[in-house]
Amino acid sequence: MIIVLKADTEADSPEVRRLLEFAEGFPDVTTQIHRIQGATRSVTEVYLIGRTGVIPTEPFEEFACVEKVVRVTEKYRAIGRHAGGVDAVGFQYNGVHISQDTLHVLPGLCAVDTQANVEIMFKALAQHGIQTSRAGAYKPRTSPYDFQGHGAACLPYLFELAGKYGIRIVSMEVTRESHIEEIQKALADTGQATGVMLQIGTRNAQNFELLKAVGQQTELPVLFKRGMGITLEESLNACEYVASGGNRRIAFCLRGMKTNLGDPHRNFVDFGHVPAIKRLTRLPVCIDPSHSVGSRAVSPDGLLDVFHVTAQGVIAGANLVLVDFHPHPEQALCDGPQALLLEELPRFLDDVAIAREAYEKRRARAAGR
Ligand code: PEP
Ligand code: MN
């Protein structure tokens, strides 16, 4: 059961304390309190955990601080929408607001290779007013002989350069718990020059210990990538691990599914699921066209498949676009063949803007405007 408190309620007020005591008076029930910071308002929610099915909602509704009481009707207790009972307020991180209504593009290097390439990349983003990027330092590779990322060694210059070019969020995969501390330390050493969104890669989608670790810290948000060979339900349950640890700043990323049927794309593009994730969960939805398509294939109309699938995700309401770029893809140590070129950045952004405008028009029509 989720108790949504009224907007101006202080979480440590006497009335909220009485509410918690009352809830904990029921057998086998514990409580958790969560404050979700949105762009224009913050929402405080009390979660009742345990045998809540037998608890009546009415006594809770009588507390003056309570806006509404929502019975958890689906499996995804923390990330779920509960049949529209709870709002998707999104989250704020390092001055950037991310929600089911916003759109941010995160172009960047799949993997950090050289300091020079990082600088060229961030400089190009700054020239286009982009404050969000991607850059992998820890790379989980299919072959143990492939480049595994520069690890903690590249973090100081990566974060310094991000700060220099006004990048507020760098999305970066972590593959083990100690990486979180390495990132936090490097951020502190640079005076928090930038911010990091901890990426859970598709290969770790069910690494529950890692999910608990990123969920139990609340400093850095998490970009959870759908598992490429498991059901959506399994992926959402795995994502719930992050939220159940206490971290509610999570975005859910679609990145294509493994099919191995000789398809033209590296993975079967699943961006038709953008609205479904928004309906099932409160999470902002990210799309990763690069790892979905996996190549620079061009369609007869002259548009790259990466452009096409990006537009498909954005016109369906995606909130984040994680996309591989590289100043010299032939030198890239990871995923060069799918990287877009820096000279393609303006056209890519333009294409995204066209698709977003179309989405907004469609949405307005649906709302009868
Ligand atoms: C990545 O984004 O760098 C990556 C490895 O993606 P995925 O986990 O989706 O394969
Ligand atoms: Mn990659």
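Predicted model: local features only at pLDDT ≥ 70, side-chain atom pairs only at ≥ 80, totals over all residues.

The angle in question is about 40°, at which helix 6 (residues 208-216) packs with helix 7 (residues 232-244), and the axes of the two helices are 6 Å apart. As for handedness, helix 6 and helix 7 make a right-handed crossing. The residues that meet are F208, L211, K212, V214 and G215 on the side of helix 6, and A238, Y241 and V242 on the side of helix 7. Sorted by class, this contact of helix 6 with helix 7 consists of six nonpolar residues, one polar residue and one charged residue.

Another pair to look at is helix 3 (residues 115-127) with helix 4 (residues 155-164), whose axes come within 10 Å and cross at roughly 20°. Helix 3 is therefore roughly parallel to helix 4, and helix 3 passes helix 4 in a crossing that is right-handed. From helix 3, the residues Q115, V118, E119 and F122 take part in the contact, while helix 4 contributes Y157, L158, L161, A162 and K164. Where helix 3 touches helix 4, six residues are nonpolar, one is polar and two are charged.

On helix 10 the contact is formed by V306, F307, T310, A311, V314 and I315, and on helix 11 by R347, F348, D351, V352, A355, R356, A358, Y359 and R362. The classes represented where helix 10 meets helix 11 are 10 nonpolar residues, one polar residue and four charged residues.

From the helices we can turn to the ligand. Which residues surround ligand 1? They are C110, R134, K139, E173, Q199, G201, T202, R203, K225, R255, D288 and H291. For some of these residues, individual atom distances can be followed in the model. R134 places a polar side-chain atom 2.7 Å from an oxygen atom of ligand 1, and K139 likewise has a polar side-chain atom that lies 2.8 Å from an oxygen atom of ligand 1. In the case of K225, an N or O atom in the side chain is 2.7 Å from an oxygen atom of ligand 1.

Technical notes
Residues numbered from 1 in each chain as written. Chains lettered and ligands numbered in written order. Heavy atoms only, no water. Contact = heavy atoms within 4.5 Å. Helix = DSSP H or I, 4+ residues; strand = E, 2+ residues; numbered from the N terminus. Nonpolar A, V, L, I, M, F, W, Y, C, P; charged D, E, K, R; others polar. Near = heavy atom within 4 Å. Polar contact = N/O pair within 3.5 Å; in protein donor to acceptor, adjacent residues only side chain to side chain. Axes fitted to C-alpha atoms, helices over the stretch in contact; angles between N-to-C directions. Parallel < 35°, antiparallel > 145°, perpendicular 65-115°, else oblique. Left-handed = near helix turned anticlockwise from the far one by under 90°.
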